[in-house]
Amino acid sequence: YFSTWKHRGCVETHRLPDVVVDAMEQRASLAAAAAAAAGRGVDLNRPPAPLDAPFGDAVLKLRDAVLAAETCEELFTPQAPHITLALAGVEVISNGSGSHHQLRKLNQRLDLIRGATAKAGGVYLYANQRGCDGGRLYFDGCACVAVNGSLVAQGGQFGLEEVEVVTATVDLDEVVSYRCSISSLREQASTTSAPAVVHVDFRLCGEERPTMMAVGPVKRRGLEASKPRPSYATQPITPKVLLPEEEIAYGPACWLWDYLRRSGAAGFLVPLSGGADSSSVAAIVGAMCQLVVAAVRAGDPQVIDDVRRVAGYGSEELPSEPGELAGRLLSCVYMGTVNSSRETRERARLLCEQIGAYHLSLSIDSVVEAVVGLFAAAVTGGRRPAFKAHGGTTAENLALQNIQARLRMVLAFLLAQLLPWARGLNNQGGAGWLLVLGSANVDECLRGYLTKYDCSSADINPIGSISKTDLRSFLQWAATNLGYSVLAQVEAAPPTAELEPLVEGQQPQLDEVDMGMTYAELSLYGRLRKVARAGPAAMYNACAAMWQGQLTPQAIATKVKEFFRFYSMNRHKATVLTPSYHMESYSPDDNRYDHRQFLYNVRWPWQFRRIDILAARDEAKARAGAGRGATSAWVPV
């Protein structure tokens, strides 16, 4: 709805609308009346309200300081405005940001904020949105104040509060002293052009200490007054950066709460297999319940109102324990078949017990049998498809696995619609349905190792942009820190889909065997493909450099080609991926983050020929080096 202002350092004058001028006149008249009532007299020389206002790129020159602003993205750019502004004498720079959460990103943000004032001195005020934006992003707050390269105040990264205020008291004389102590800074400042200035008759600093500035709330229009201004500057603090496991626990948890309280749903339904991915999703909902109960105990009025409305509590009722709240908001269903193990069934039950969630355990064999029987009767004259373990073809084997997965999706949505009705748990808004949560991780989405329209097809997915490696670390952390000890057993178990029958003497079905690559390799391929922008040949060179001496060039070439073959073959699945919390930089979600096409030539003729040439070259170098007795025979380029 607007275009950016292109004229750096320029200010224009624009006529104010009459309604604004009238409002300013009314405000001035009210202030005069209040002064007269208080016996302070009326200023008869009071100037009329201005008819014009400055508009453009300028700094605000106050009575005791110079204030300017840069926007969110400008902090990350090569020619960030804060350097020029600082050299021009601006003491205080603010940044009203909209920076979304990304795993392991906070360190970079805090380094840039501190670096913004370490080079040229000054006070940097960073305010960031916090909460779900109504889509895949979660803005992770962490408002802070930095002075001369040191952090002096920092807000929380995740939380349920609508507003968080971060305050600090800073000494502007320290800014002047810091800048004057660096000779190179003084030299560069002496050649910097003065910015456009807008004069403001306002004082930041306290009367008793002209060099002290309080960053915080003021008493105005009935707002609570800030605490008395201290007579000393706030001292530097150590930045608080959460562990990746904590980010996985609390970022998606806050996102889920925002989504739930705005959507009108009565809770969540998780198809819980007892494996790592679905158990992670259930644990994150458990973390959400812990955060909500903590906010209720702290007396947060918005959270209290939301939890009564969503979870159906009465006017005098509130959840006292996270498990009690989880019993209302989280329903889990284990949908087993003859191919499911007793161990996964038991782990799913124990996890629900520890979280406090409502739990169902079903056998869906009769539903699977009905669908397969319908196919056999209608298409093959009674001839039934068989698993590979029972002599069937690959096509038969995949079809029998996929029908189990797709029927679970159908049953999950049926249960999501009717469970609140069956349990009598409709919320105050009258909603009788649950949001179905997906549990496909980013690596499986990238590889396409999921059945289209199975339980990966859900309403939303809190882990769709998290790698399997990070999820396993989260499970270990959550087993202790969230109090769900069974997650340690879940993490220790080898990942398996349990869609094929177990045959004595044969290895059970394992995800990494089915995929033909490990989860660690998938994470590497994903970062090379998206972050490093590597195509097949560039990825081969990168992998060859990392795996030199561990695998032969031909083996590396085969791995890279297999990844790109499966990636291109399954890319169409990205068009129907469940909307997922965005956390990882190599998410394949084409609706938000990855706009690559979804149709590729799966043979990759030019690229794969180039890989063959590179691998043959490297093999020849390796043989030549071995003949000379060299320990490092080839270096890919």
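**View 1. Asn148 and the residues around it.** Asn148 touches Thr117, Ala118, Gly121, Gly122, Glu174, Val175 and Tyr178, leaving aside residues up to four places away in sequence; contact means heavy atoms within 4.5 Å. This is a predicted model, in which local features need pLDDT of at least 70 and side-chain atom pairs count only at pLDDT 80 or more, while totals for chains, interfaces and linings use all residues. Residues are numbered from 1 along each chain as its sequence is written, and side-chain values use heavy atoms, with hydrogens and water left out. Asn148 sits in the loop between β9 (144-147) and β10 (150-154). Helices (H or I, at least four residues) and strands (E, at least two) are DSSP runs, numbered from the N terminus. Is Asn148 buried or exposed? Asn148 is buried, with a relative accessible area of 13%. Buried means under 20% relative accessible area, exposed over 50%, and partly exposed in between (1.4 Å probe, protein chains only). Asn148 and Glu174 are 26 residues apart along the chain, and their C-alpha atoms are separated by 8.2 Å.

**View 2. An open sheet of four strands.** The strand order is β16-β15-β14-β17, with parallel pairing. Two strands pair if DSSP finds at least two bridges between them. β16 (358-363) and β17 (435-436) stand at the edges with a single partner strand each, so one side of each has no neighbour in the sheet. Six bridges join β15 (residues 330-336) to β16. Ser331 has Tyr358 as its bridge partner in β16. Helix α9 (residues 322-329) packs on the sheet and touches β14 (268-271), β15 and β16.

**View 3. Aromatic pairs.** The structure holds 16 aromatic pairs. Rings of Phe, Tyr and Trp (its six-membered ring) pair if their centres lie within 6.5 Å; planes under 30 degrees apart count as stacked, over 60 as edge-to-face and the rest as tilted. Tyr525 and Phe563 form a tilted pair, 4.9 Å centre to centre with 35° between the planes. Tyr525 lies in helix α17 (residues 519-531) and Phe563 in helix α19 (residues 553-569), so the pair ties together parts 38 residues apart in sequence. Both Tyr525 and Phe563 are buried. Ring pairs link Tyr525, Trp547, Phe563, Phe564, Tyr567, Tyr600, Trp604 and Phe608 into a cluster.

**View 4. Two arginines over Phe566.** Arg447 lies over the face of Phe566, at 3.6 Å from the ring centre. Arg565 lies over the face of Phe566 at 4.6 Å from the ring centre. A charge sits over a ring if NZ of Lys or CZ of Arg is within 6 Å of the ring centre and within 35 degrees of the ring normal.

Methods: Axes fitted to C-alpha atoms, helices over the stretch in contact; angles between N-to-C directions.
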